[in-house]
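Visitor: Can you walk me through this one? I would like to start with the ligand site.

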Amino acid sequence: MSMTAKERMAIDRQHMPEREAGVRNCDFNEVNIGFPEQLALIEASRCLQCKAGKCIEGCPVGINIPEFMKYVEAGDFNKAAEVLLSANALPGITGRVCPQEEQCEQVCIRGKGKGVPVAVGHLERFIADWARENYDVKQIIPPPTGYKVGIVGSGPAGLTAAGELAKMGHDVTIFEALHKPGGVLVYGIPEFRLPNKIIESEVDRLREMGVKIICNAVIGRTFTVGDLMDEEGFHALFLGIGAGLPVFMNIPGENLKGVYSANEYLTRVNLMGAYQFPECDTPVIKGKNVAVIGGGNVAMDAVRTSKRLGAKASNLIYRRSRAEMPARKEEVKHAEEEGIVFNLLCNPKRILGNDKGWVKGLECLRMELGEPDASGRRRPVPIEGSEFVVEADVVIEALGAGANPLLTSTTPDIKLNKWGYIEIDETGMTTKPGVFAGGDITRGAATVILAMGDGKSVAAAMNRYLKEKVTLPA
Ligand SMILES: Cc1cc2nc3c(=O)[nH]c(=O)nc-3n(C[C@H](O)[C@H](O)[C@H](O)COP(=O)(O)OP(=O)(O)OC[C@H]3O[C@@H](n4cnc5c(N)ncnc54)[C@H](O)[C@@H]3O)c2cc1C
């Protein structure tokens, strides 16, 4: 701790070990190995403990990062875990999948100019993994308040809201449509990035706090929002139902056999274990030549999955250049190392099929970049006459997702915006009193940590609502 700023500045960012690309691209085990203790101590000592604490503002759940770093550097992992868990209920998850380069690490003073920021995410992961083995959660739950709160959806928004509300002494029940809790964390993000056991242990921590989880409960079918409020006695609800409805390009050939939405493809492999077929019941078409359309995390996950399922060629087709790719930088780097072929500045025109109705290729057009569009990224403009064919027997569309209307269509008093997402006021309440919402269903497809940030802030607003507006029988 007695190091000068100059000495700290002289330390280079430590590299987190990862499995060798040619080995890991054949299995579903985790790619990153994580910091050993010695590297974690060195990396934490790169933090300058600056007063501004911009990194705290850069974190949507407001982790006190300088304090956390101070404890890691001192080797007091118990205290570091305490700081981390007091702000973030799912650190083993965010430490693995947060786009830190756009959040805490982007504003880290050490990243200014040509500098390299402190590896906040890698250290978060290190302490979360240490805590899973060694930290005894002494969560002090206050006496029951008598309020009964329902959470619909068990993705990061719902899990976070559930944890916060349980900590306040409310009786919390999560309703999840699928047979396993976790939302995209469990059905979308592959195990080679986020092992299921990490999610299970973070969900178990919530159960230990008294949160009940009911799976296979589709709200809008099994119960409606009205049933939960009027008949099941819930005083308030949080809707964290995500944005899981796949978007298609609407190009010719999408009905051919061998065309998947990334959502279906990844759900088959991750949630249903199709990579172990026939030991698992669910099959997936593996494909020798796979073409994945898109440039975000979902596309990266799908294309890397196809390689692991044995594809000879796994092609990514993206209409802009590498600089505009929305995927986390680490995923792009890992994908390239694993032998994924990047077809940049290419846009699919139609999917080609054989006489038996199976995919045989993807016709694409080359693109060039024009002026920036509404997203601030340069608009891709087609180059006329530049058509070419990518050989493919499986085509996966990873073009984003929209709101699933299943719940909201049975609750007409919840107002939606023009894209079908739920409208909320500044507290997170929908147009139906007592029903709150957050995460992707209010923002559109975003990130794990933004969904968690919503879960946390909306839970605080729900607590205020319950205390101010709901009178319990004497
Ligand atoms: C493949 C993939 C990779 C991604 N990678 C990253 C990444 O690396 N980093 C990152 O930060 N973000 C990533 N994201 C985005 C991130 O996962 C989402 O922004 C985040 O999960 C949104 O959380 P949520 O809680 O709002 O919704 P979700 O995680 O979508 O969870 C919603 C849950 O609600 C359930 N549900 C829906 N309707 C009902 C109903 N009617 N009744 C009961 N339950 C219902 C669903 O089954 C689901 O379990 C990725 C997304 C995908 C698809």
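Guide: What follows covers the ligand shell, the domains, a helix and a loop residue. This is a predicted model, in which local features need pLDDT of at least 70, side-chain atom pairs count only at pLDDT 80 or more, and totals for chains, interfaces and linings use all residues. Residues are numbered from 1 along each chain as its sequence is written, and side-chain values use heavy atoms, with hydrogens and water left out.

Visitor: How many residues surround the ligand, and which are the closest?

Guide: The ligand is surrounded by 35 residues, and V97, E176, R193, I219 and D440 are the closest.

Visitor: What is the split into nonpolar, polar and charged?

Guide: The shell has 20 nonpolar, 10 polar and 5 charged residues. Ala, Val, Leu, Ile, Met, Phe, Trp, Tyr, Cys and Pro count as nonpolar, Asp, Glu, Lys and Arg as charged, and the others, Gly among them, as polar.

Visitor: How much of the ligand does the protein bury?

Guide: The protein buries 92% of the 1000 Å² that the ligand exposes when taken alone. These areas come from the Shrake-Rupley method with a 1.4 Å probe.

Visitor: Which helix gives the most to the shell?

Guide: α14 does, with 3 residues. α9 (156–167), α14 and α17 (448–469) each supply at least two. Helices are DSSP runs of H or I, at least four residues, and strands are runs of E, at least two, numbered from the N terminus.

Visitor: Switching to domains. What are they?

Guide: The assignment, automatic or from a database, gives domain 1 (5–134), domain 2 (148–244 + 403–469) and domain 3 (284–401). Domain 2 and domain 3 each give at least three residues to the ligand shell.

Visitor: How many residues of domain 1 are in contact with domain 2?

Guide: 23 residues of domain 1 are in contact with 23 residues of domain 2, where contact means heavy atoms within 4.5 Å. The domain centres, taken over C-alpha atoms, are 28 Å apart.

Visitor: Last one: where is G310, and is it buried or exposed?

Guide: G310 lies in the loop between α14 (297–308) and β8 (313–317). G310 counts as exposed because its relative accessibility is 54%; exposed means over 50%, buried under 20% and partly exposed in between, with a 1.4 Å probe and protein chains only.

Terms used. Near = heavy atom within 4 Å.
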